[in-house]
Amino acid sequence: MVNPVAQAHRGLGTTLFSLLNPIPFGFFVAGLIFDILYLNTAEVMWGKSAAWLITFGLLIAILPRLINLFAVWGRNGTATGTDRLDFLLNLVAIVLAVWNAFVHSRDAYAAAVPGTILSALTVALIALGFIVLSLQQPVLQGARHG
């Protein structure tokens with residue numbers, strides 16, 4: 001049975017969030033892979049590509065993070081602690097990704113080690129947020145029939 005209260009909260013914001021939220025994670029994972037390749041090969045192309053991937057991930061992350069900001073902190077207290085923890089993990093990850101974008105603007109091999117570390121931390125924090133949300137117990141509403 002569909003919960004009418006949960007159905008009423010679904011709208012354009014929820015749909016956009018569901019569609020856009022995983023995309024930056026993919027860019028950040030690809031950036032991490034390219035950072036690791038750059039660290040191991042010193043081929044400049046990998047470092048430049050990682051910088052572009054991180055930048056695109058940040059650009060696409062803007063809208064879902066704004067939607068999440070209003071959903072978590074503007075729902076009149078209906079957001080759970082898990083929702084807030086996921087928001088904070090993603091916030092720290094985005095701050096690290098911004099820092100990482102500045103690190104990747106350095107010349108040559110100076111960005112290799114700190115860029116890889118920042119990329120790994122960004123990916124780990126976002127992945128942890130996904131894990132925290134997936135472990136959240138669903139709220140059972142309504143009586144069981146049968």
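Reader: What share of the contacts in the chain with a separation of 6 or more comes from residues 24 or more positions apart?

Author: Such residues account for 70% of the contacts with a separation of 6 or more, where contact means heavy atoms within 4.5 Å. The model is predicted, so local features need pLDDT of at least 70 and side-chain atom pairs count only at pLDDT 80 or more, while totals for chains, interfaces and linings use all residues. Residues are numbered from 1 along each chain as its sequence is written, and side-chain values use heavy atoms, with hydrogens and water left out.

Reader: How many helices and strands are there in the chain?

Author: There are six helices and zero strands, which gives the pattern α-α-α-α-α-α along the sequence. Both kinds of element are DSSP runs numbered from the N terminus: a helix is a run of H or I with at least four residues, and a strand is a run of E with at least two.

Reader: Why is the pair of Phe25 and Phe130 called edge-to-face?

Author: The structure holds four aromatic pairs, and in this one the ring centres are 5.4 Å apart with the planes at 85°. Rings of Phe, Tyr and Trp (its six-membered ring) pair if their centres lie within 6.5 Å, and planes under 30 degrees apart count as stacked, over 60 as edge-to-face and the rest as tilted. The distance therefore makes Phe25 and Phe130 a pair, and the angle makes that pair edge-to-face. Since Phe25 lies in helix H3 (residues 22–41) and Phe130 in helix H6 (residues 112–135), the pair ties together parts that are 105 residues apart in sequence.

Reader: What makes Phe25 count as partly exposed?

Author: Its relative accessibility is 22%, and buried means under 20%, exposed over 50% and partly exposed in between (1.4 Å probe, protein chains only). Phe130, at 30%, also counts as partly exposed. Of the 146 residues in the chain, 32% are buried.

Reader: What makes the pair of Phe27 and Phe56 tilted?

Author: The centres of Phe27 and Phe56 are 6.2 Å apart and the planes are at 55°, an angle that falls under neither stacked nor edge-to-face, and therefore the pair is tilted. Phe27 lies in helix H3 and Phe56 in helix H4 (residues 44–73), so the pair ties together parts that are 29 residues apart in sequence. Phe27, Trp52 and Phe56 form one aromatic cluster.

Reader: Which residues have the most contacts inside the largest nonpolar core?

Author: They are Phe28, Leu58, Ile94 and Leu125, in a core of 17 residues. A nonpolar core is a set of buried Ala, Val, Leu, Ile, Met, Phe, Trp, Tyr and Cys residues joined through side-chain atoms within 4.5 Å. H3, H4, H5 and H6 each give two or more residues to this core, and H5 gives the most, with six. Leaving aside neighbours within four places in sequence, Leu58 is in contact with Phe28, Ile94, Ala97, Val98 and Ala101.
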